[in-house]
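Subject: Structure handover

Hello,

Here is the structure I said I would pass on. Please load it first; my notes come after it.

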Amino acid sequence: MEATAALAGLFLLAMLAASPVPFQSEVVFVGLQLSGVGPIWLLVLIAGAGNTLGAFITYGLGRGASRWRNRRWFPASAAQMARAEAWFARWGVWVLLLSWAPGGDLATLVAGVLRTPIWLFALFVTFAKTGRYAVVGWLTAQAMGFSA
């Protein structure tokens, strides 16, 4: 029961970390990995799924918020949106491979605003988000002398 609650908590916190809620889920991920709550592949799968779902939430917010982007209270100025759109236009959906990095959630928001096809968004973001946890898990295993 404790392991199930810990894994559910990891999913929730990983999801929140990819939404507009500021949170870093890697600390929880590493803590659970070190505690041995489950095999590394399961932790990667759960954290990756939660973080990807959080990115879909941010994408959806971008799609919905795009109709209000010219309002004064919109969280990004017209200049900021123009820069983000130019960056996205220049690099295309490849920008979504950086969705794992700090500030990468802005890319998922802009992808929603620009109405990136959902299947393409899912492909790139799932790879980036899950890949990050796989790398964190591998690095932690190497640092601690575990076999991953």
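Below is what was found, starting with confidence and then turning to the packing.

This is a predicted model. The mean pLDDT of the protein is 88, and 97% of its residues reach 70 or more. Helix α6 (residues 118-144) has the highest confidence, at a mean of 95, and helix α4 (residues 78-91) the lowest, at 80.

The largest nonpolar core holds 14 residues. Those with the most contacts inside this core are F88, V93, L96, A111, F121, F124 and V125. Two or more residues each come from α3 (40-65), α4, α5 (104-113) and α6. The top contributor is α6, with 4 residues. In general, nonpolar side chains in soluble globular proteins tend to be buried together.

Leaving out residues up to four places away in sequence, L96 touches F88, A107, T108, A111, F121, F124, V125 and A128. A separate core of 11 residues lies apart from the largest one; among its members are L7, L10, A14 and L43.

One of the contacts of L96 is T108, which lies in helix α5. Is T108 buried or exposed? Its relative accessible area is 0%, under the 20% cut-off, so T108 counts as buried. With residues up to four places away in sequence again left out, T108 touches A55, T58, Y59, L96, S99, F121 and V125.

Regards

Methods: Residues numbered from 1 in each chain as written. Heavy atoms only, no water. pLDDT = per-residue confidence, 0-100. Core = buried A, V, L, I, M, F, W, Y, C linked by side-chain atoms within 4.5 Å. Buried < 20%, exposed > 50% of the residue type's maximum accessible area, 1.4 Å probe, protein only. Contact = heavy atoms within 4.5 Å.
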